[in-house]
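Me: I would like to go through the labels attached to this structure and ask what each one rests on. Please show the structure before we start.

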Amino acid sequence: MLAMLKRPYPLVDHNGVLGHLSTDDVDAIGADLSLRGYHVFMQRLSDDLCDRLLEFALAAPCARRQMDGEATTESAAARYPREKPDAVLYDFREQDLINNGLIQNLMADRSIIAVAQNYLSAQPIVDVVAMWWSAASELPDKQAAQYWHFDMDRIKWLKFFVYLTDVGPENGPHSFVEGSHRRGGISKSLLQKGYSRLTDEEVSANYSPDKFIEFTAPRGTVIAEDTRGLHKGKHVTKRDRLVLQLQFSNSLFGGDYPKCTIRNPSSPQLVEMMANYPRLYSHYT
Ligand SMILES: O=C(O)CCC(=O)C(=O)O
């Protein structure tokens, strides 16, 4: 229905941080996403852009996320204590993220939008911009999405994970079960556990080992993923991991996310895209 009612925008230019993508490239990426549920882009964000986003993430306030077993406490947002973190995860405020001109450029990036639109077969809407630090811990944490789970917030969506630090096996690689995003991709026995966090043992009993993908990759790497499939962030055992995430959905039906405002964007690219493709930014006031 949405593909018919919200027909894709006639985007002619698909150039951006993911490369100079032809229509065939975008179609091939869409086919890969449909088949496997994820796509890792060859083209990475430049070192300069990673440096500038890292600089932002070391200066901007972020809030420690409540950890498993911890009583709810309001913690004031502050700079990430990189040398002595005392939580598993630190979240940035979405409003601060969308005020940042570099992140605005990514929200308006034509290569990212083309891939999202192709996968959704409808006009996309940016409905989540998130960034967080994951810090080293002894054990995985449920609140930090370090157990297997699937998302279920919208009708159809695509997430882009952007690594802003190098991610090796010890730095909490994002992980996905290939093919689990498809209809019937998650077994009845797992679905019967409800919308819950699942252990490695529970999940590994249902898939062959070659379906478990751990994305170790250098900083600047972009991974697109349909998180209707089973995924998690492996817990960090050494140093930390900084990830930026953009989500594109085909509709705002579903999850009720707090609204933020795009006020006087400093990115000319975003100004142009907002004027030409208003539905793309309709989540923001
Ligand atoms: O930190 C990660 O890699 C997992 C994130 C996640 O589960 C999500 O964004 O839906």
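**Labels and their grounds**

Reply: Glu214 and Lys234 form a salt bridge, with 3.0 Å between the closest N and O atoms. The pair links distant parts of the chain, since Glu214 is in strand 9 and Lys234 in the loop between strand 11 and strand 12, 20 residues apart. The model is a predicted one.

Me: Why is the contact of Glu214 with Lys234 called a salt bridge?

Reply: The cut-off is 4 Å between a side-chain nitrogen of Lys or Arg and a carboxyl oxygen of Asp or Glu. The closest N and O atoms of Glu214 and Lys234 are 3.0 Å apart, so the pair meets the cut-off.

Me: What makes Glu214 and Lys234 buried, partly exposed or exposed?

Reply: Buried means under 20% relative accessible area and exposed means over 50%, with partly exposed in between. Glu214 has 39%, so Glu214 counts as partly exposed. Lys234 has 30%, so Lys234 counts as partly exposed.

Me: How do you know that Lys232 forms a salt bridge with Asp200, and which parts does the pair tie together?

Reply: The closest N and O atoms of Lys232 and Asp200 are 2.8 Å apart, and the cut-off is 4 Å, so the pair qualifies. Lys232 belongs to strand 11 and Asp200 to helix 8 (residues 200-204), so parts 32 residues apart in sequence are tied together. Lys232, at 9% relative accessibility, counts as buried, whereas Asp200, at 39%, counts as partly exposed.

Me: On what grounds are Asp151 and Lys159 classed as buried or exposed?

Reply: The limit for buried is under 20% relative accessible area. Asp151 has 10%, so Asp151 is buried. Lys159 has 11%, so Lys159 is buried. Asp151 and Lys159 form a salt bridge, their closest N and O atoms being 2.8 Å apart. The structure holds 17 salt bridges.

Me: How do you know that strand 8 and strand 9 pair?

Reply: Pairing needs at least two bridges between the strands. Strand 8 (residues 174-177) and strand 9 are joined by four bridges, so they pair. The two strands run antiparallel. In strand 9, Glu214 is the bridge partner of Ser175, and Phe215 is the bridge partner of His174.

Me: Which strands make up the open sheet, and why do some of them stand at the edges?

Reply: The open sheet has three strands in the order 9-8-11, with antiparallel pairing. Strand 9 (212-215) and strand 11 (231-233) each have a single partner strand, so one side of each is left without a neighbour in the sheet. On average, neighbouring strands of this sheet are turned by 20 degrees against each other, direction ignored. Strand 9 has Ile213 and Phe215 on its covered face, and Phe212 and Glu214 on its uncovered one.

Me: What makes a residue part of the lining of the second largest pocket, and which classes are found there?

Reply: A lining residue has an atom within 4 Å of a point of the pocket. Residues that line the second largest pocket include Ser34, Tyr119, Trp157, Arg182 and Asp226. By class, its lining has three nonpolar, two polar and five charged residues. The volume of this pocket is about 220 Å³.

Me: What is the volume of the largest pocket, and which strand gives the largest share of its lining?

Reply: The volume is about 930 Å³. Strand 6 gives six residues, the largest share of the lining.

Terms used
Residues numbered from 1 in each chain as written. Predicted model: local features only at pLDDT ≥ 70, side-chain atom pairs only at ≥ 80, totals over all residues. Heavy atoms only, no water. Axes fitted to C-alpha atoms, helices over the stretch in contact; angles between N-to-C directions. Buried < 20%, exposed > 50% of the residue type's maximum accessible area, 1.4 Å probe, protein only. 1 Å grid on protein atoms, 1.4 Å probe; cavity = no way out; pocket = protein on both sides within 12 Å on 5 of 7 lines; lining within 4 Å. Points joined across faces, edges and corners; volume = space filled by probe spheres on them. Nonpolar A, V, L, I, M, F, W, Y, C, P; charged D, E, K, R; others polar.
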